[in-house]
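Me: Please take me through this structure by question and answer.

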Amino acid sequence: MNSQDLLAADTGMGAVTLRVADLDAMTAFYRDGVRLTVLVQEGARVVLGRPAAGGGTVLAGGAVPAGGALDVPVVVLEHEPALRHASPGQAGLFHTAVVFDDRADLAAALYSVATRYPQSFTGSADHLVSNAFYFTDPEGNGVELYWDRDRTEWSWTHGSIDMDTVYIDPNAFLQEHLTPEALEHADARPGRVGHVHLSVGDVAAAKAFYVDTLGFATTAAMGSQALFVSAGGYHHHMAMNTWNSRGAGRRQQALGLGLVRIEVPAVDDLGALTTRMRDAGVQTADDGQSVAFEDPWANRIEVTTAGRG
């Protein structure tokens, strides 16, 4: 792939939209458990998020100063009570991964969701590049909370990122990293969507779409089981696996994943991507500020410039 066909190095992920049956219960999980803050609540739609990086200064009494507004959407919940849960083995969301700036902030979120929703905890791992803790929300959507090691500590072998799955004792992690300050001000500290992991029907088809067409670079692969891709040398902005969905076809309208957002740095990057997708025969919807399309499994993707998502 030519460098001009790659997504810009500063590409990142935006808020993930979930279609939900019980808006109140799902809002409570992400607000009171994960400790996101409600940014917008209008009718059947709730947007929850965290402050921008560098905007997490807290004044006396827990107030956030001017310029430190809670302005980074993480999860958008859309009330769709007429929809049903997807059938087993269908493509869709594997998990939404929220990344925190330091381990104290990760520990605060871990403590909060584990104490308020203890049955939601599904596992933990040191992935060499990151520390991660996994949960399932009240409607079965996967959630990862994680912290990245500095890039200088990552290792690459023949162009692939070295990752592993080594158990982390969550109680030991909390004892070492949780602080009263981080816990008290958790919802006023930075956090954002670091990556999105999808369930797909076929890894080769995922590579053809997300790498060869969309413009991510492959960072790791597990044969025909999983693919990890990114922009700018990150360990992964997106991943696709067939662990529960091998052979899945196009998704039917169902509860769960509604939209994955990707943010590129500039309008020129968006224009280049739009041209590339159209040249590949991908049907797109372009409103001048964003371009939307579906992957081979009807997972909806929207690409916009940073700050517009």
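Me: Where is R35 placed?
Reply: This is a predicted model, in which local features need pLDDT of at least 70, side-chain atom pairs count only at pLDDT 80 or more, and totals for chains, interfaces and linings use all residues. Residues are numbered from 1 along each chain as its sequence is written, and side-chain values use heavy atoms, with hydrogens and water left out. Helices (H or I, at least four residues) and strands (E, at least two) are DSSP runs, numbered from the N terminus. On these terms R35 is in the loop between α1 (23–33) and β3 (37–42).

Me: What is the phi of R35, and is R35 buried or exposed?
Reply: R35 is not a glycine, yet its phi is positive, about 70 degrees. Buried means under 20% relative accessible area, exposed over 50%, and partly exposed in between (1.4 Å probe, protein chains only). Because its relative accessibility is 13%, R35 counts as buried.

Me: H158 also has a positive phi; is H158 buried or exposed?
Reply: The phi of H158, which is not a glycine either, is about 50 degrees. H158 lies in the loop between β10 (156–157) and β11 (160–161). Its relative accessibility is 81%, so H158 counts as exposed.

Me: Which residues does V46 touch, beyond those up to four places away in sequence?
Reply: V46 is found in strand β4 (residues 45–50) and is buried, with a relative accessible area of 0%. L23 is 23 residues from V46 along the chain, and their C-alpha atoms are separated by 8.1 Å. With contact taken as heavy atoms within 4.5 Å, V46 touches L23, T27, V38, V40, Q41, V75, V76 and L77.

Me: Which residues are in contact with A8, leaving aside neighbours within four places in sequence?
Reply: A8 is in the segment before β1 (12–13). F100 is 92 residues from A8 in sequence and 23 Å from it in space, C-alpha to C-alpha. The contacts of A8 are A231, P265 and D269.

Me: How many degrees does the arc of the buried residues of α6 take up?
Reply: In α6, the buried residues are L270, L273, T274, R276 and M277. Seen down the axis, with the arc taken over the directions from the helix axis to the C-beta atoms, these residues line one face of the helix, because they fall within 165 degrees.

Me: Against which elements do the buried residues of α6 pack?
Reply: On the other side of α6, D268 and D279 are exposed. After the helix comes G281, with a positive phi near 85 degrees. The buried residues of α6 pack against α5 (203–213), β16 (256–264), β17 (285–286), β18 (290–294) and β19 (300–305).

Me: Which residue in β12 is the bridge partner of F100?
Reply: Two strands pair if DSSP finds at least two bridges between them. Strand β6 (residues 92–100) pairs with β12 in the antiparallel sense over eight bridges. Strand β12 (residues 191–199) is mostly covered, with eight of its nine residues buried. The bridge partner of F100 there is G191.

Me: Which residue in β15 does H197 stand opposite?
Reply: Strand β15 (residues 238–241) pairs with β12 in the parallel sense, over four bridges. Opposite H197 stands A239.

Me: How many aromatic pairs does the model hold?
Reply: Rings of Phe, Tyr and Trp (its six-membered ring) pair if their centres lie within 6.5 Å; planes under 30 degrees apart count as stacked, over 60 as edge-to-face and the rest as tilted. By this rule the number of aromatic pairs is eight.

Me: Which residues form the aromatic cluster that includes F29?
Reply: One of the aromatic pairs is F29 with Y117, which is edge-to-face at 4.9 Å centre to centre and 70 degrees between the planes. F29 lies in helix α1 and Y117 in the loop between α2 (103–116) and β7 (121–126), 88 residues apart. F29 counts as buried at 1% relative accessibility, whereas Y117 counts as partly exposed at 23%. The cluster is F29, Y30 and Y117.

Me: At what distance from the centre of the W147 ring is the charged end of R103?
Reply: A charge sits over a ring if NZ of Lys or CZ of Arg is within 6 Å of the ring centre and within 35 degrees of the ring normal. The charged end of R103 sits over the ring of W147, and its distance from the centre is 4.3 Å.
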